[in-house]
Amino acid sequence: MDNSFYVTTPIYYVNDVPHIGHAYTTCAADVLARYYRLRGYQVLFSTGTDEHGQKIEKAARDLGITPQELVDKMVIRFQDLWKKMNISYDEFIRTTDPRHIKVVQDFFRLLDERGYIYLGDYEGWYCVPCETFWPESQLDERLVCPDCGRSLEKLKEESYFFALSRFQEPLLQYLGSHPDFIMPESRHHEIESFVRGGLKDQSISRLGLEWGIPVPSDPRHTLYVWFDALVNYLTVAGWGTSEEKFSNFWPYAYHLVGKDILRFHAVLWPGMLMAASLPLPRRIFAHGWWTVEGEKMSKSRGNVVDPYLMIDRYGVDRFRYFLMREVSFGLDGDFSEKALIERSNADLSDNFGNFVHRTLGMVWRYKKGVVKKPSPYQDGEWEKLLEEVKEGFQYYMERFAFSQALEQVWKLVHFANRYIEREAPWKLHKEGKEKEVENLLYRLLDNARLLSFFLYPFMPDTTLKLRELLGLQQDPGKESLEESLCWQGGPEVYSVEEAQPLFPRIIE
């Protein structure tokens with residue numbers, strides 16, 4: 001179906017402490033899911049946790065509990081954060097789910113039957129914390145993991161291999177004919193260059209590891225955690241379990257990932273899908289990293305940003321807005337509480353919040369909270385701006401350019417504040433021009449209604465509160481975006497509540 005949209009986050013390592021990076025990816029996916037639901041699409045939004053591997057097995061052994069008991073406790077940290085952040089996922093996938101285990105083993109069998117799996121010996125440098133083998137071509141003389149900087153272990157063991165090298169040319173051809181497959185553009189070039197440099201077959205199993213999914217034909221081996229994890233996208237989409245669901249959603253799959261795991265998603269994963277004769281995702285978007293006041297986040301530095309703390313301190317919608325507005329999605333960004341406060345005060349308090357507060361205040365001051373729709377209801381200047389904003393907003397949202405989409409919305413905010421000063425309703429009221437005052441106030445209220453739709457994907461709680469103040473149906477997600485985002489879409493009468501500040505200024 002052409003009106004389907006399937007958006008995924010990576011499944012996060014369950015033993016990680018949720019931080020701003022997890023919040024960033026998941027918030028972006030939530031914004032997209034809410035936006036496409038508003039447009040009337042059938043949306044499937046998945047996130048989840050990666051629960052297998054050597055690290056989990058060792059941590060559970062050290063605590064004297066089973067790995068399953070450990071992951072059952074740890075997964076709650078992510079589920080609770082997504083609830084706190086108002087994340088509207090449709091499915092939360094865990095790699096310990098029986099349905100996922102079956103899908104992974106069926107997928108392995110399919111690749112094996114097609115001749116893309118073989119048994120051999122693997123010798124290489126392995127990072128235990130990252131559960132990743134690294135070829136010597138990507139290492140320097142220190143022999144440390146390129147991702148985490150820890151020492152590597154030299155391992156040689158029997159392993160099942162996936163014949164990734166056979167997909168070098170098909171993948172290059174696909175990248176060449178699908179310039180939007182990997183975004184942003186710089187990442188597309190990076191992956192193209194990497195693939196052109198040559199692909200090697202990928203070891204996809206380990207011996208002596210109990211906590212994982214067994215190779216179906218040889219239970220001595222446990223499937224490599226990345227092979228297991230990537231298949232989660234098929235599990236959620238219904239591969240092998242629901243043909244209707246799979247055909248509805250898989251052709252419209254969009255993966256959001258951090259740039260550190262792009263190669264797994266943009267090289268290994270497409271190779272696996274090509275081997276299974278399955279379509280590739282529509283797009284893989286790799287966003288940047290957050291630094292903290294110019295420094296890389298790390299536990300040792302003690303500068304890991306805690307989303308729970310930021311939400312408790314500043315509110316969920318200020319935090320969500322900052323993540324989506326401060327940095328162009330795809331670039332690296334720098335986080336500081338000072339920047340969050342400045343952005344929130346400037347955009348949300350002084351501009352958006354001030355517009356709403358002034359408008360509601362004038363409606364009560366001049367019209368006792370009730371304003372009727374003008375007849376005829378026309379305003380060429382405002383209508384032209386609305387069409388420009390709608391077009392720009394849709395253009396940027398479809399390219400996952402959230403900051404630029406919000407810039408478009410703020411054109412309406414800035415215009416409304418200038419409009420109040422230019423038209424001066426207080427002067428019109430003083431002159432006894434009550435019809436002009438009512439018409440002007442209706443335009444302002446209708447602009448607030450329009451903003452509630454544009455901003456709903458980014459700040460759902462705030463927009464629900466705004467619509468309640470406007471006396472409208474509370475949930476904009478239940479209305480049609482196409483019908484509602486028009487100049488004639490407002491009610492015949494606005495009966496509003498008294499002014500309440502949506503975003504009181506934060507005092508540093």
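The legends below describe an overall view and several close-ups of a predicted model. Residues are numbered from 1 along each chain as its sequence is written, side-chain values use heavy atoms, and hydrogens and water are left out. Because the model is predicted, local features need pLDDT of at least 70 and side-chain atom pairs count only at pLDDT 80 or more, while totals for chains, interfaces and linings use all residues.

**Figure 1. Overall view of the protein chain.** The secondary structure comes to 19 helices and 18 strands (DSSP runs numbered from the N terminus; helices are H or I with at least four residues, strands E with at least two). Along the principal axes, the C-alpha atoms fill a box of roughly 90 × 45 × 40 Å. Of the 508 residues, 59% are buried (under 20% relative accessible area, with exposed over 50% and partly exposed in between; 1.4 Å probe, protein chains only). Among contacts with a separation of 6 or more, 78% are between residues 24 or more positions apart (contact means heavy atoms within 4.5 Å). The chain exposes about 21500 Å², and carbon and sulfur atoms supply 48% of this area (Shrake-Rupley method with a 1.4 Å probe; for residues, only the protein chains shown count as cover).

**Figure 2. The open sheet of 6 strands.** The strand order is β3-β2-β1-β12-β13-β7, with parallel pairing (two strands pair if DSSP finds at least two bridges between them). The edges are formed by β3 (91-94) and β7, each with a single partner strand, so one side of each has no neighbour in the sheet. Helix α3 (residues 67-84) packs on the sheet, where it touches β1, β2 and β3, and its direction makes about 155° with that of β3 (axes are lines fitted to C-alpha atoms, for helices over the stretch in contact; angles run from 0 to 180 degrees between N-to-C directions).

**Figure 3. Strand β1 and its partners, β2 and β12.** In β1 (residues 4-13), 10 of the 10 residues are buried, so the strand is largely enclosed by the rest of the structure. β1 pairs in the parallel sense with β2 (residues 42-50) over 8 bridges, and 3 bridges join β1 to β12, also parallel. Valine 7 stands opposite phenylalanine 45 in β2 and opposite tyrosine 254 in β12.

**Figure 4. Helix α1 over the sheet strands.** β1, α1 (residues 20-38) and β2 make a right-handed β-α-β unit (with the strands pointing away from the viewer, the path from the first strand over the helix to the second runs clockwise). α1 lies across β1, β2, β12 and β13 and runs at about 165° to β1.

**Figure 5. Strand β13 between β12 and β7.** All of β13 (residues 283-287) is buried, 5 of the 5 residues, so this strand is largely enclosed by the rest of the structure. Arg283, Phe285 and His287 point one way, and Ile284 and Ala286 the other. Strand β12 (residues 253-258) pairs with β13 over 5 bridges in the parallel sense, with histidine 255 and isoleucine 284 as bridge partners. β7 (residues 182-183) runs parallel to β13 and is joined to it by 2 bridges; here methionine 183 stands opposite phenylalanine 285.
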